[in-house]
Amino acid sequence: MSTPEPFPTIRSVTPDSLEADLATGIVTVHPDIAKGLHEAIGGDIDFFVAESGEGKARGQVGVNWAGTTNPETRAALGLGKGNTAANIAFMEVPEGHRRRGIARALLQAVETEAVSRGYRKVFLSVAVGNTVARALYTSDGFVDTGLRRETPQFERSPDGTYGKPVRKKMDYLVKELGDS
Ligand SMILES: CC(C)(COP(=O)(O)OP(=O)(O)OC[C@H]1O[C@@H](n2cnc3c(N)ncnc32)[C@H](O)[C@@H]1OP(=O)(O)O)[C@@H](O)C(=O)NCCC(=O)NCCS
């Protein structure tokens, strides 16, 4: 019987590490989004990644600290004037490494940083029917805002390439961050 791999290291992606993290696939996003990341990382956007001792990708999550200006989304999130909620996205743990608590640890990293920046809420959208992701988020304390909207989503094929964006119905979930 083989020894299970040690739990990966959770770290943030920095402007200095981004190029290498994209090249090694530690961060995996659509090429158009990757271009924008060079400007945004360490500013409005951060990524947290899980990395094995051998430098292999074990998971990622992104966060947009600017949140949303969409009035419908803001209303669903219960955001007053001037309030912001950080938007979590790009959550993924590679097949073969799931169900070890990696996604939960990535969420925790984002939420800890959000609390230290003074955010009271984080939110995300999850495709209708993605019961696994939904189970992750609800077990972490996210609740459904009741907002469901169709938005274009980039989906990666098994060969790693991206096709045209596909319109998908998304449910918006929010989590209130505690004071502790
Ligand atoms: C969703 C995803 C990120 C979960 O990653 P993971 O590292 O396996 O999740 P964790 O091990 O941290 O699971 C945390 C909790 O989520 C729930 N969960 C995770 N996988 C589950 C499954 N297959 N069935 C039911 N519940 C599940 C459980 O409550 C779990 O806690 P438990 O193991 O103590 O019961 C992963 O399955 C994935 O990458 N899926 C494809 C991409 C995707 O859908 N991303 C989300 C986009 S919104």
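**Exercise 1. Does helix α2 (residues 31-40) lie largely in the open or largely buried, and how many of its 10 residues are buried?**

Before you start, keep in mind that you're working with a predicted model.

Step 1. Go through the 10 residues of α2 and count the buried ones: the number is one.
Step 2. With a count like that, α2 lies largely in the open.
Step 3. Now look just past the end of α2, where Gly 42 has a positive phi of about 80°.

**Exercise 2. Work out whether Val 93, Phe 90 and Arg 99 are buried, partly exposed or exposed.**

Step 1. Val 93 has 23 other C-beta atoms within 10 Å, so it is buried.
Step 2. Phe 90 has 19 other C-beta atoms within 10 Å, so it comes out as partly exposed.
Step 3. Arg 99 has 8 C-beta neighbours inside 10 Å, so it counts as exposed.
Step 4. Phe 90 is in strand β4, Val 93 sits in the loop between β4 and α4, and Arg 99 is in the loop between β4 and α4.
Step 5. Check the backbone angles too. Phe 90 isn't a glycine, but its phi is positive, about 60°. Arg 99 isn't a glycine either, and its phi is positive at about 65°.

**Exercise 3. Find out which residues Val 93 touches, leaving aside those up to four places away in sequence.**

Step 1. List the contacts: Arg 58, Gly 59, Arg 98, Ile 102 and Ala 103.
Step 2. Val 49 is 44 residues from Val 93 along the chain, yet their C-alpha atoms are separated by 9.5 Å.

**Exercise 4. Describe helix α4 (102-116): its span, its buried residues and what covers them.**

Step 1. Start with the span. α4 has 15 residues and reaches 21 Å from its first C-alpha to its last, close to the 21 Å expected.
Step 2. Pick out the buried residues: Ile 102, Ala 103, Leu 106, Leu 107, Val 110, Glu 111 and Ala 114.
Step 3. Think about the spacing. An α-helix has 3.6 residues a turn, so residues three or four places apart point the same way.

**Exercise 5. Work out which elements supply the shell around the ligand, and what kinds of residue it holds.**

Step 1. Count the shell: 17 residues surround the ligand, and the closest are Arg 98, Ala 103, Arg 104, Ala 135 and Leu 136.
Step 2. Sort by element. β4 (86-92), α4 and α5 (131-139) each give at least two residues, and α5 has the largest share with five.
Step 3. Sort by type: nine are nonpolar, three polar and five charged.

Methods:
Residues are numbered from 1 along each chain as its sequence is written. This is a predicted model: local features need pLDDT of at least 70, side-chain atom pairs count only at pLDDT 80 or more; totals for chains, interfaces and linings use all residues. A residue is near a molecule or strand if its C-beta atom, placed from the backbone, lies within 6 Å of it. Helices (H or I, at least four residues) and strands (E, at least two) are DSSP runs, numbered from the N terminus. Ala, Val, Leu, Ile, Met, Phe, Trp, Tyr, Cys and Pro count as nonpolar, Asp, Glu, Lys and Arg as charged, and the others, Gly among them, as polar. The expected span of a helix is 1.5 Å times one less than its number of residues. A residue is buried if 20 or more other C-beta atoms lie within 10 Å of its own, exposed if 12 or fewer, and partly exposed in between; C-beta atoms are placed from the backbone. Two residues are in contact if their C-beta atoms, placed from the backbone, lie within 7 Å.
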